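Let's walk through how this chain is put together, starting with the overall layout and then moving to the place where two of its elements pack.

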Amino acid sequence: MRTPDHYDYKIQPVDFMIQNNIPFCEGNVIKYICRWRAKNGREDLLKARHYIDILIQNLDNDSAESYNTK
């Protein structure tokens with residue numbers, strides 16, 4: 001399979017993610033950060049931030065639930 005030009009790395013992001021069992025949101029952050037300069041610029045940085053925001057929200061939700069004394 002041909003590797004897209006925006007993924008010109010010794011280790012492809014997808015291979016790294018699979019070999020390290022990287023979860024979906026973290027994997028998307030890696031993907032968008034790796035390609036932002038060569039593909040979609042600012043748009044890819046915003047996509048990476050979107051997934052980081054999801055991770056932060058989930059962390060905050062989990063923390064709030066651990067303090068819930070209902």
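Helices here are DSSP runs of H or I with at least four residues, strands are E runs of at least two, and both are numbered from the N terminus. By that count the chain has three helices and zero strands, and reading along the sequence gives the pattern α-α-α. Keep in mind that this is a predicted model: local features need pLDDT of at least 70, side-chain atom pairs count only at pLDDT 80 or more, and totals for chains, interfaces and linings use all residues. Residues are numbered from 1 along each chain as its sequence is written, and side-chain values use heavy atoms, with hydrogens and water left out.

A residue is called buried under 20% relative accessible area, exposed over 50%, and partly exposed in between, using a 1.4 Å probe and protein chains only. Of the 70 residues in the chain, 21% are buried. Contact means heavy atoms within 4.5 Å. Take the contacts in the chain between residues at least 6 apart in sequence, and 34% of them join residues at least 24 apart.

Here are two of the helices side by side. The expected span is 1.5 Å times one less than the number of residues.

| Helix | Residues | First to last C-alpha | Expected span |
|---|---|---|---|
| H2 | 12 residues | 17 Å | 16 Å |
| H3 | 25 residues | 36 Å | 36 Å |

In both rows the reach is close to the expected value.

Now for the packing. Two packed helices are described by the angle between their axes and the distance between the axes. Axes are lines fitted to C-alpha atoms, for helices over the stretch in contact, and the angles run from 0 to 180 degrees between N-to-C directions. The axes of H2 (residues 24–35) and H3 (residues 42–66) come within 8 Å and cross at roughly 160 degrees. Angles over 145 degrees count as roughly antiparallel, so H2 and H3 are roughly antiparallel to each other.

Which residues make the contact? From H2 come Phe-24, Cys-25, Glu-26, Asn-28, Val-29, Tyr-32, Ile-33 and Arg-35, and from H3 come Asp-44, Leu-45, Lys-47, Ala-48, Tyr-51, Ile-52, Ile-54 and Leu-55. By class, the residues of this contact split into 11 nonpolar, one polar and four charged. Nonpolar covers Ala, Val, Leu, Ile, Met, Phe, Trp, Tyr, Cys and Pro, charged covers Asp, Glu, Lys and Arg, and the others, Gly among them, are polar.

What's tucked away in each helix? In H2, Cys-25, Gly-27, Asn-28, Val-29, Tyr-32 and Arg-35 are buried, and their cover includes H1 and H3. In H3, the buried residues are Asp-44, Ala-48 and Tyr-51, with H2 among what covers them.

Phe-24 sits in helix H2 and is exposed, at 60% relative accessible area.

Asn-21 lies in the loop between H1 (13–19) and H2 and is exposed, with a relative accessible area of 66%.

Methods
Parallel < 35°, antiparallel > 145°, perpendicular 65-115°, else oblique.
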